[in-house]
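These are my notebook entries on one structure, kept in the order in which I looked things up.

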Amino acid sequence: MVAPEGQREGRPVARGELTARELLRWTWRQVTSMRTALVLLLLLALAAIPGSVVPQSGVDALAVTRWKEEHPDLTPIYEKLDLFSVYDSIWFSAIYLLLVLSLVGCIIPRCLVYARALRAQPPAAPRNLSRLPEHTSYETSLPADEVLARARKVLGRRYRLRVSTGSTGSTGSTGESDAVSAERGYLREAGNLLFHLSVLVVLAGFAIGGLFGYQGGVILVQGSTFGNNLTQYDDFDPGGLFTPEQLDEFDFTVEDFEVEWLEEGSGAGTARGFVAGLSYREGDGPERSYDLKVNHPLSIGGTDVFLIGHGYAPVITIRDGEGNIAWTGPTVFLPQDSSFVSFGVVKAPPAEPEQIGLEGLLYPTFDLYQGDPVSVFPDARNPLVSLLVYSGDLGLDSGEAQSIYVLDKEDATLVTDEDGKPFRLDLSVGETIELPDGLGSVTFERVEPWVRVQISQSPGKEVALAGVVLALIGLCGSLFIRPRRVWVRARAVAGDGAGDTMAGGTTTVVEVAGLDRSGNGDLAEVLTDLVAALHDEKERP
Amino acid sequence: MTDAAWETLSNQGVAVAGLVYFAALLVHLAEWATLRQPAPREAALVGAEAPPASTSNARRTAAERAAFLGRLGFLLTCIAAGAHLVGLVGRGMAADPNRVPWGNMYEFTVAGTFVVTLMYLGLHRRFRLGWMAPLVVTFVLTTLMVAVIWLHEPVQPLREALNSYWLVIHVVSAVIATGAFTLGGIASIVYLVKMRKGSEATGSTTTEGWLGRVPSLDALDKLAYRVHAFAFPVWTFAVLITGPIWAHEAWSRYWNWDPKEVWAFITWVVYAGYLHARATAGWKGRNAAILALVGLATLWFNFIGVNYFSSSSQHSYALEAPVERPAGS
Ligand code: HEM
């Protein structure tokens, strides 16, 4: 970016452009340096923290709303900083994109270097082996050739050996005639490169999922059918490049739903398991059935269907003042906690003379505890609804979309009894109660269970998974393979009266040295073993 | 055996483990105190000049006593680990249906500390970890006490979402990695302490007493690296492979930036940073060790802290006990 600008200004070559290019090169070197990678990694870790403290709209939209209500002053600031969607924010993306840039810039040159290194021979023995940090030497009566042949044999099993030079002679005067050069652990770098490249694969898989995938949720009362098109979802969260044509063609019906409750012990009142019996059809295919459970999603084409929650829908019939049925059917009530006491509203807009709305709680197994209504078990064994009644304009005619879980009470009035206290409907299954003022009556017919189903496509998940698995394999290679170079040099020296020389008056001085390329091995032991192995071979003949 | 009997056995196992760990700690502290006297080799030198026999004899018995105490402490730790295991298995057997003993924080802590002990015992010979004994035992004992006092919950069946074999694999690997990271972290702490002491009083003062038994800085660094290098892939497997697979099956999203996931990711990134630091000039040694400890802090914070300050985690053992059921209480 800098260099072209220099050119555009048409400055005569030399200095300006040179520094520009140098600057560019310097920047690039900075970006791809190990230190930068390290700092960026730490920045990434740091940047991930706020998202675990501030509620995230992608995780829990409700919590975000609540937080915003509680902190009206901070909200605009937080919004500006994208703190409610940290992981999609510009600053978070900037860090990891820089990291990716650094990674690519770091990995590509290393791949090239590695490709060359693969073909190269182990380097020739340095002139002075005793200069290496790890070295040892000993004397032996064996001729030098013999020692080297043995070294070649011992090392050849697990090392790549430098092919004896002689003819190539490019290694200079020392040649290789008096030494064996060996190297092993080439796969470490391969593992490391594989790991870093796989990180890119994972990111690609993750990005595909984020762009083309979607998540949708829907609550279905037992007996109802879901057809897979956009209008049927309660909530729908598509990726940026999602198109509705992606939706797989299928429908399914929740035939029945069962919960196995624990009756006793400390876990009483928790569910041991839930099963939703589904019948489903893919396209125009035959009808099939599937037991949908937690941890056992149903896969249809590229779409997965998950069971993630359940609750109760009381079936309530409202008759208006003229005796006509103004509403009948199951209404989804939302559980407030794990006792499954559930809250909901029932609306009867066609009721005459006035619209009727009910709001209140459902107790699955009703009982009184010290005068307070409670549910003693989460299963619907003695269900009771306790509702307040509103009449008047429920705000449904304005045409604005309204949540089915909220009653608009602005223009409605709370129905009271003769004493002016709120009129409360407490109904067990089968009971009917007349409303005051000739408004009508309410009947509690029965309770139907409902299930909350999550439907999603996450394309690219296989790519991401393959990426992580490859990364893990590469990582293990990178961490556990110990690359090193080992040299053995044997040289005959004239015997100078050292007593233990047996024949001919010459001894062979053997020098062994090694270089640990990862800096984490225990080279000393390796060299000791090698020397021992060379000795062993000596003692055998 | 009834479930209640198993639960009692489990509680007793953990209690016995705690007591025996405490005994082991005392023994190791006695060993430590013995070592505060000049090291045996120096004693021998001193003995050569000064009146011989009796003193050098006394010195030798001091060294011997230290060795004996070391072995005793090790033995006690083994016994404690046995009781610890009983406590762990009892938890799983006490549940109906039987299950893996890591369904909530208490159980996870008991399992995690058990792995720390197990790894310490397993690596004791190979890496000559005798010097680490007081630290490991202190850590395990303290964490176990925290678990018993603050985290203990009666046995309960697994929540539905946790009822998956992926949970078994996921948690086993997470627990193993946690144990290993903790051991590596201890090595890093000792590295920093020894480095500090070494630079304060230059020379060979560090060869005295307990720090004298601690391996050289270089060896400590390598040990820490090796343990971390083992733990990191295991953590990768736990957090980035089995975790997402399980999350996908249970919640339909393989990665949802849930606080638990976020912190697991942070831990992973910090340890990746540690591995990088060791290969970066200027970051080797001290800085790398500090990074390892930051990683360890995020790890344990995720495990204990996140549950208490963040309510939106879907990782359900973070949730409190299921129902307020006044009629039953
Ligand atoms: C997405 C970000 C990255 C992650 C998660 C990551 C992770 C890792 C891990 C876990 C290791 C340890 C494996 C080993 O010791 O061989 C490692 C090593 C290494 N990484 Fe990265 N890395 C990242 C980015 C980079 C970048 C941008 C560079 C280049 C500047 C880089 C260069 C290296 C090198 C040279 C090693 C080998 C160190 C050694 O020889 O021990 N990495 N990386």
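I began with B:His276, which is buried at 17% relative accessibility (buried means under 20% relative accessible area, exposed over 50%, partly exposed in between, with a 1.4 Å probe and protein chains only). Before going further I noted that this is a predicted model, in which local features need pLDDT of at least 70 and side-chain atom pairs count only at pLDDT 80 or more, while totals for chains, interfaces and linings use all residues. I also noted that residues are numbered from 1 along each chain as its sequence is written, that chains are lettered from A and ligands numbered from 1 in the order in which they are written, and that side-chain values use heavy atoms, with hydrogens and water left out.

**Entry: the iron site.** I looked up what holds the iron atom of the ligand, and found A:His196 and B:His276 coordinating this atom through NE2, at 1.9 Å; donors are N, O and S atoms within 2.8 Å of the metal (3.2 Å for Na, K and Ca), and water is not among the atoms, so sites may look incomplete. The pair joins two chains, because A:His196 lies in helix α9 (residues 186–212) of chain A and B:His276 in helix α9 (residues 259–278) of chain B.

**Entry: the interface.** How many residues of chain A are in contact with chain B? I found 62 residues of chain A in contact with 59 residues of chain B, where contact means heavy atoms within 4.5 Å. The two chains bury about 5,300 Å² between them, with 66% of this area on carbon and sulfur atoms; buried area is the accessible area (1.4 Å probe) that two parts lose on being put together, summed over both. I found one salt bridge between chain A and chain B, formed by A:Asp237 and B:Arg253, whose closest N and O atoms are 3.6 Å apart (the rule asks for a side-chain nitrogen of Lys or Arg within 4 Å of a carboxyl oxygen of Asp or Glu). On the side of chain A that touches chain B, α10(A) gives the most, with ten residues.

**Entry: chain B and B:Glu31.** I counted ten helices and zero strands in chain B, and I noted that buried residues make up 57% of its 329 residues. I then looked up B:Glu31, which sits in helix α1 (residues 3–36) of chain B and is buried, with a relative accessible area of 5%. Leaving aside neighbours within four places in sequence, B:Glu31 is in contact with B:Ala66, B:Leu69, B:Gly70 and B:Arg213.

**Entry: A:Val451.** Is A:Val451 buried or exposed? I found A:Val451 buried, at a relative accessible area of 1%, and placed in strand β22 of chain A. Not counting residues up to four places away in sequence, A:Val451 touches several residues, including A:Val218, A:Val254, A:Phe257, A:Leu307 and A:His310. A:Phe274 is 177 residues from A:Val451 in sequence, yet their C-alpha atoms are 9.9 Å apart in space.

Technical notes: Helices (H or I, at least four residues) and strands (E, at least two) are DSSP runs, numbered from the N terminus.
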